[in-house]
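Here are my notes on this model, for your review. Please read them with the coordinates open.

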Amino acid sequence: MSAFSNIPPQAVLPLGAYDKAELERDALRADQILLRSDCRSAGSKAAVLSRIGSDLALPKHFGQNLDALYDCLTDLRPNDDADYPGFVVFLENLPDGGRFGQTERAALLDVFRDAADYFYDEKTAFRVFYSVQKD
């Protein structure tokens with residue numbers, strides 16, 4: 001049974017509830033694109049957006065704000081020949097406090113939820129799994 005069996009094709013969920021290795025294997029089996037960002041050293045909204053932009057290889061015109069993040073995410077294109085086209089995104093070690101607290105994290109995750117809604121309309125899987133770095 002696949003890790004994706006009980007996960008909607010468009011979702012933003014805490015990574016701690018899942019086996020990351022199994023999610024990665026299932027994404028590769030489905031020929032979905034894996035995107036990973038580790039925000040361990042980012043302590044501010046600007047640093048988190050910069051890290052995500054760099055790790056996800058967003059285009060040079062990425063403006064490092066939430067609106068630009070949404071635009072770049074929705075510009076992503078899945079493998080055309082995939083049986084189950086889509087993306088699996090891992091956002092790991094999001095900061096918890098300081099200049100990137102719960103409010104900033106919620107706003108960031110809302111952008112990924114909005115992108116998931118967009119991909120729903122495109123009939124493309126877009127699953128995001130995140131973890132929060134505890135101090």
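The points below go through charges, rings, a helix and the cores.

1. Basis. This is a predicted model, in which local features need pLDDT of at least 70, side-chain atom pairs count only at pLDDT 80 or more, and totals for chains, interfaces and linings use all residues. Residues are numbered from 1 along each chain as its sequence is written, and side-chain values use heavy atoms, with hydrogens and water left out.

2. Salt bridges. How many salt bridges does a search of the whole structure find? The search returns eight. The criterion is a side-chain nitrogen of Lys or Arg within 4 Å of a carboxyl oxygen of Asp or Glu. Side chains of opposite charge can pair when their charged atoms come close.

3. Glu24 and Arg36. These two side chains form a salt bridge, at 3.3 Å from N to O. Glu24 sits in helix α1 (residues 20-29) and Arg36 in strand β2 (residues 33-38), so the bridge ties together parts twelve residues apart in sequence. Helices (H or I, at least four residues) and strands (E, at least two) are DSSP runs, numbered from the N terminus. Glu24 is buried, at 19% relative accessible area. Arg36 is partly exposed, at 39%. Here buried means under 20% relative accessible area, exposed means over 50%, and partly exposed is in between (1.4 Å probe, protein chains only).

4. Arg29 and Asp26. The closest N and O atoms of this salt bridge are 2.4 Å apart. Both residues lie in helix α1, three residues apart, about one turn of the helix. An α-helix has 3.6 residues a turn, so residues three or four places apart point the same way. Asp26 is buried, with 5%.

5. Asp96 and Arg105. This salt bridge has its closest N and O atoms 3.4 Å apart. Asp96 is partly exposed at 29% relative accessibility, whereas Arg105 is buried at 12%. Elsewhere, salt bridges with shared partners join Lys20, Glu24, Arg36 and Glu92 into one network.

6. Aromatic pairs. The whole-structure search gives six aromatic pairs. Rings of Phe, Tyr and Trp (its six-membered ring) pair if their centres lie within 6.5 Å; planes under 30 degrees apart are stacked, over 60 edge-to-face, and the rest tilted. Phe87 and Phe119 have ring centres 5.5 Å apart and planes at 50°, so this pair is tilted. Phe87 is in strand β3 (residues 86-94) and Phe119 in helix α4 (residues 102-121), so the pair ties together parts that are 32 residues apart in sequence. Both Phe87 and Phe119 are buried. For Phe119 and Phe126 the centres are 4.9 Å apart and the planes at 20°, so that pair is stacked. Phe119 has a relative accessible area of 1%; Phe126 has 0%. Phe87, Tyr118, Phe119 and Phe126 make up one aromatic cluster.

7. Charges over rings. Lys20 lies over the face of Phe90, 5.3 Å from the ring centre. Arg127 lies over the face of Phe4, at 4.1 Å. The test requires NZ of Lys or CZ of Arg within 6 Å of the ring centre and within 35 degrees of the ring normal.

8. Helix α3. Which residues of α3 (residues 66-74) are buried? They are Leu66, Ala68, Leu69, Cys72, Leu73 and Thr74. These pack against α2 (45-55), α4 and β4 (125-132), with contact meaning heavy atoms within 4.5 Å. Asn65 caps the N-terminal end of α3, with a side-chain oxygen 3.0 Å from the backbone nitrogen of Asp67.

9. Cores. The largest nonpolar core has 31 residues, and Ile52, Leu69, Leu73, Leu91, Leu108, Phe112 and Phe126 touch the most other members. A nonpolar core is a set of buried Ala, Val, Leu, Ile, Met, Phe, Trp, Tyr and Cys residues joined through side-chain atoms within 4.5 Å. α2, α3, β3, α4 and β4 each supply at least two residues of this core. Its largest share, seven residues, comes from α4. Leaving aside neighbours within four places in sequence, the contacts of Phe112 include Val12, Ile52, Leu69 and Val128. A second, separate core of twelve residues includes Ala11, Leu23, Ala27 and Leu34.

Note on methods: Polar contact = N/O pair within 3.5 Å; in protein donor to acceptor, adjacent residues only side chain to side chain.
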